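Here is a short briefing on one protein chain. Look at the sequence and the model before reading on.

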Amino acid sequence: MKKYSGFSLFSNALSYHENWQKIWRSPKPKREYDVIVVGGGGHGLATAYYLAKVHGITNVAVVEKGYLGGGNTARNTTIIRSNYLWDEAAQLYELALKLWEGLSQELNYNVMFSQRGVLNLGHNLQDMRDIERRVNANRLNGIDGEVVTPARIKEIAPLINISPDCRYPIIGASWQPRGGTARHDAVAWGYARGADALGVDMIQQTEVTGIRRENGTVVGVETTEGFIGARKVACVTAGNSGVVAAMAGLRLPVESRPLQALVSEPVKPCLDTVVMSNAVHGYVSQSDKGDLVIGAGVDGYNGYGQRGSFHVIEHTLQAICELFPAFSRVRMNRQWGGVVDTCPDACPIISKTSVGGLYFNCGWGTGGFKATPGSGYVFADTVANDRPHPLAAPFDVDRFNTGALIDEHGAAGVAH
Amino acid sequence: MLLIHCPHCREDREEEEFSYNGEAHIVRPLDPESLSDEAWGDYLFFRKNPRGVHREMWYHAVGCRRYFYAARNTLSYEILHTYCVGEKPQIDAANEGAGA
């Protein structure tokens, strides 16, 4: 792999940028791998990267039915924060945030991580009680955060409407300055390039159709391109996790729902932070390109259709227009949906299974993007050592039988 | 926007009038105390979540305020039919593999 640098940019400019190397190979699948990662999104690619980088397991393939980073990795609103209430979740997301902070250097790939801060607004007394409790919990866990007043919110985001006369007045917020955004595609591409350089094979346009087992242990995967042997199979397939689990005769406590987002036409810089509101249900940031990136809620029903209901968008835009009256005349450019696998306790599943050599990393629901590096890091460790990473242990699928849930619903400033 | 036929009202109404109550036909265990942790967790949390025809429960929240069942394809979002609680579904399970 040729390193990207100012010098490489200059020298390639002299040849009209026609001689950049391909950033990953497209090899034919080998007959057998040590680990097959099913799903080439951000989490899967991060898993493959850390398997090779940290654990020295380089005989790895990422098998992806479409193209790398073409699912939810390309569809989220790129928000990163770690202000979760419960210790288990806070530590996992904080590990991710710490990895984000060095990721561009680590990968030699600009993931455009921008720590522009995240505001989670409160609109009523109970919101503020929850926010104070969460911020206190965050600080005890060493995570930055403060409770801010409407006047301070107005300083941070001058276009916001803090009038006490509106339908849901803003009476405070939590503020995590280390939160922010990153370029979602770049994360997938950076991890893919890094993993490829360490010997990981990217197998695109190849759908896994079955998981072959012998004596309760995985021996490989059936794919549209034929059988590929594997000693371990790590599934990171987000909305389709239940479908993949069924291939191995397993059930998961996830339900797949469409989650929507939309972007506006590009406008001049007007919002240099991330604003989220749980109560009125909208969140917005501005991309470097200038579009307002707006996240809507999940649809009320299960679906695999990668599209969502119009009234959900309408609801979100009502909230955005109330928070930012100036945005009422901005035109929306594109809208899309992704299929997210929601867990009953709004926390992920990072787990071994009852099938030997088969692992699942799923259930990230509506908020997986922010966790991409941490998720890959602990999952790679779990797969490599065939035991849960200490930070992943509370997220074992067994918690739905033991009752040790990590109830982050509503408690984490999760916007849906 | 789904257009949902309420079998009680016998009218096609917009999705916003309804709320979704998840997978249908889950029988509450008669004797919860005697269940193992696995069986109880299974009852509470583990759902079929099919990519294809899904039998689910809906509630006509701003209409007749009654519950009913629907067979809906989770990929195409087509609602195959809706039926009242206690009614026998028109489509048998054998035909539901299509589209999965």
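The points below cover the whole chain and then one of its strands.

This is a predicted model, in which local features need pLDDT of at least 70, side-chain atom pairs count only at pLDDT 80 or more, and totals for chains, interfaces and linings use all residues. Residues are numbered from 1 along each chain as its sequence is written, chains are lettered from A, and side-chain values use heavy atoms, without hydrogens and water.

**Whole chain**

- Chain A has ten helices and 18 strands; helices (H or I, at least four residues) and strands (E, at least two) are DSSP runs, numbered from the N terminus.
- The C-alpha trace of chain A spans about 65 × 60 × 40 Å along its principal axes.
- Of the 416 residues in chain A, 57% are buried, that is, under 20% relative accessible area with a 1.4 Å probe, protein chains only.

**Strand 18: burial**

- All five of the five residues of strand 18 (residues 358-362) of chain A are buried, so this strand is largely enclosed by the rest of the structure.
- In a regular strand the side chains alternate between the two faces of the sheet.
- On one side of strand 18 of chain A lie A:L358, A:F360 and A:C362, on the other A:Y359 and A:N361, and all are buried.

**Strand 18: partners**

- Strand 11 (residues 226-235) of chain A pairs with strand 18 in the parallel sense over three bridges; pairing requires at least two DSSP bridges between two strands.
- A:Y359 in strand 18 is the bridge partner of A:A234.
- Strand 17 (residues 349-352) of chain A runs antiparallel to strand 18, joined by four bridges.
- A:N361 in strand 18 stands opposite A:I350.
- The hairpin of strands 17 and 18 of chain A has five residues between the strands, and A:G357 there takes a positive phi near 75°.

How values were computed: Buried < 20%, exposed > 50% of the residue type's maximum accessible area, 1.4 Å probe, protein only.
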